Amino acid sequence: MPLVGRGVGASPFVAGPRGWPLVGCLPAFGRDPLGFLARLHRDHGDAVVWRLGPLRILSLADPERIAEVLGSPLDHGVLDIGWMFRQLVGDSVIRSEGAAWRRRRALVQPAVRPNRVRGFAPAMAECAAEHLDGWTDGQRVDVLREMTLLTQRIAVRTLFGAEPGARAAALAGAMAEAAHEIGVELRGPGVLLPGWVPTPARRRIRRAVGVIDTELGELVRERAREGSADDLVGRLLAARDTEGRALTPREVRDEAVTLWAGGHETTATALTWAWCLLARSPDARDALHREVDEVLGGRAPEHADHDRLPWTRRVVEETLRLHPPVWLVPPRVAVPGTTVGGRAVPVGTAIWCSPWVTQRDARWFPDPLAFRPERWGTPDADARAHFPFGAGRRACLGARFAQVELVLLLAAVAQHFHLDVRGGIPPPLPGLVAHPASPVTAFLRRRDPAPHRPGT
Ligand code: HEM
């Protein structure tokens with residue numbers, strides 16, 4: 001039975017596939033969210049209206065319309081992406097709207113602004129060195145697991161200034177469980193269930209959130225007792241809004257969870273995709289090793305190396321193009337005055353923009369499925385169509401942190417090890433982030449970095 005098309009007859013946007021009563025396109029979307037979105041735009045064009053349960057969605061695929069929405073000065077709503085996500089991040093910056101969002105953003109942003117990220121670079125390099133100390137020549141590793149442990153170590157160090165002890169391990173386990181449950185909810189009918197419906201999955205996430213609240217609460221209290229320090233939680237505790245008010249303990253909890261959740265699974269996933277792609281592009285991988293050897297020689301990477309490693313940066317850009325961890329920008333919800341291409345969008349419509357779809361479009365990236373880091377800086381890469389960190393006022397708050405972290409970690413690993421990744425490139429499994437659907441296994445080969453030659 002056609003749902004899309006009904007009730008949107010007055011809309012000038014193209015009606016997408018017919019859905020089912022009540023659930024709309026949820027079955028097809030849930031089976032393969034990325035494939036569904038790619039087909040939606042291939043078959044219906046750049047601005048398509050469809051339904052997911054009771055939700056009316058306008059899905060956009062071309063950079064101009066996407067920029068119009070994400071760059072809009074209007075206070076759009078943000079789509080509530082489910083009961084579980086709400087339990088995890090509370091009312092943090094990523095879920096708030098209007099004046100509440102402006103206050104939160106103003107309080108959190110200074111903690112990760114670019115000149116402060118410089119101060120976190122030594123922790124990133126130290127964590128990499130400590131983690132790589134545990135690797136041996138010939139060892140077989142699960143790449144996503146290793147990259148996750150590494151970025152978790154950095155999250156603990158940069159958030160709390162602490163070593164990854166038992167408390168942090170419990171927190172990490174509970175966060176991983178919560179992220180898994182949220183991913184399952186997002187792909188299935190659970191996303192449509194009202195909050196009061198009890199399900200086994202909801203009981204599991206409640207338990208995980210309970211652990212998160214206990215462990216994180218204690219880590220924050222420890223930080224508060226120790227007084228001012230230059231880690232992220234210390235900065236959140238010290239932040240004051242325009243009226244001199246601090247964040248409440250609950251608000252600090254919500255923001256710390258969001259920085260943790262937003263800040264390490266994304267980077268671990270991007271690094272895993274990068275090693276997969278590099279393993280299949282020997283020339284790109286050799287160029288990475290060469291650049292790292294020439295620029296770093298035997299020393300550890302530092303903040304300034306981000307700008308000295310242009311090929312490594314291109315590898316990062318190209319990885320984020322082909323495998324953007326955040327496959328769907330948190331949807332904006334149309335308010336009075338929202339327009340796209342000069343046309344009014346009905347109030348309440350959720351506007352979807354997927355970096356995964358647009359960044360794989362041959363109109364903006366010729367030979368779009370090929371991993372070609374060299375395309376960056378040439379007409380073969382249309383920067384307007386590249387938005388792995390979203391765009392506009394709500395663009396990723398940690399983008400600079402992530403870019404520096406990705407470049408320094410790729411360099412630190414490539415300096416000492418060659419990752420011989422076996423098997424083909426797995427399909428992505430989209431949840432909160434899109435990570436490989438099956439394990440990525442690599443055999444490690446230790447490298448002897450070339451000695452540092454000053455001036456090279
Ligand atoms: C490869 C790594 C990362 C990717 C791909 C990524 C991507 C994104 C995207 C697409 C958004 C939504 C932007 C929008 O709505 O327009 C976002 C928001 C956000 N990200 Fe990231 N992110 C990454 C790393 C980080 C890191 C390291 C942090 C923290 C240190 C972080 C913190 C946040 C926060 C707090 C928001 C919400 C901003 C708001 O709603 O105002 N992210 N991120």
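Leucine 320 lies in helix H14 of this predicted model; helices here are DSSP runs of H or I with at least four residues, strands are runs of E with at least two, and both are numbered from the N terminus. Leucine 320 is buried, with a relative accessible area of 4%. Buried stands for under 20% relative accessible area, exposed for over 50%, and partly exposed for values in between, with a 1.4 Å probe and protein chains only. Leaving out residues up to four places away in sequence, leucine 320 touches Ala270, Pro325, Gln359, His386, Pro388, Phe389 and Leu406; contact means heavy atoms within 4.5 Å. Leucine 320 and leucine 271 are 49 residues apart in sequence, and their C-alpha atoms are 9.5 Å apart in space.

Residues are numbered from 1 along each chain as its sequence is written. Local features need pLDDT of at least 70 and side-chain atom pairs count only at pLDDT 80 or more, while totals for chains, interfaces and linings use all residues, and side-chain values use heavy atoms, with hydrogens and water left out.

**Cavities**

Leucine 320 also lines the second largest cavity, together with Ala270, Leu271, Ala274, Val316, Thr319, Leu406 and Leu410. Helix H11 (249-279), helix H14 (310-322) and helix H16 (399-416) are the elements that give two or more residues to this lining. A cavity is a set of points, on a 1 Å grid over the protein atoms alone, where a 1.4 Å probe fits but cannot get out; lining residues have an atom within 4 Å of a point. Grid points are joined across faces, edges and corners, and a volume is the space filled by probe spheres set on the points. By this rule there are 3 cavities of 30 Å³ or more.

For the classes, Ala, Val, Leu, Ile, Met, Phe, Trp, Tyr, Cys and Pro count as nonpolar, Asp, Glu, Lys and Arg as charged, and the others, Gly among them, as polar.

| Cavity | Volume | Lining by class |
|---|---|---|
| Largest cavity | about 110 Å³ | 4 nonpolar, 3 polar and 5 charged residues |
| Second largest cavity | about 40 Å³ | 7 nonpolar, 1 polar and no charged residues |

The lining of the largest cavity includes Leu74, His76, Trp101, Arg332 and Arg394. Helix H3 (63-70) and helix H5 (98-108) each supply at least two residues of this lining.

**Ligand shell**

The ligand is surrounded by 26 residues, of which the closest are Trp101, Arg105, Arg332, Arg394 and Cys396; a residue counts as near a molecule if one of its heavy atoms lies within 4 Å of it. Trp101, Arg332 and Arg394 are also among the residues that line the largest cavity. H5, H11 and H16 each supply at least two residues of the shell, and H11 gives the largest share, 6 residues. By class, the shell divides into 16 nonpolar, 7 polar and 3 charged residues.

Polar contacts are pairs of N or O atoms within 3.5 Å; within protein, one atom must be able to donate a hydrogen and the other to accept it, and residues adjacent in sequence count only if both atoms are side-chain atoms. A side-chain N or O atom of arginine 105 is 2.7 Å from an oxygen atom of the ligand. For arginine 394, a polar side-chain atom lies 3.4 Å from a ligand oxygen atom. Alanine 391 takes part through a backbone N or O atom, 3.3 Å from an oxygen atom of the ligand.

**Threonine 338**

Threonine 338 is found in the loop between strand S6 (332-333) and strand S7 (339-340). This residue counts as buried because its relative accessibility is 2%. The side chains of threonine 338 and histidine 76 are joined by a polar contact of 3.0 Å, and the threonine 338 side chain reaches the backbone nitrogen of valine 335 at 2.9 Å. Beyond its neighbours within four places in sequence, threonine 338 is in contact with Leu74, His76, Arg343, Ala344, Val345 and Ile351. Leu74 and His76 are also among the lining residues of the largest cavity.

**Positive phi angles**

Most residues other than glycine have a negative phi. Leucine 22, which is not a glycine, has a positive phi of about 65°. Leucine 22 sits in the loop between strand S1 (14-15) and helix H1 (26-31) and counts as exposed at 76% relative accessibility. Aspartate 367 has a positive phi near 50°. Aspartate 367 lies in the loop between helix H15 (355-358) and H16 and is partly exposed, with a relative accessible area of 46%.

Methods
1 Å grid on protein atoms, 1.4 Å probe; cavity = no way out; pocket = protein on both sides within 12 Å on 5 of 7 lines; lining within 4 Å.
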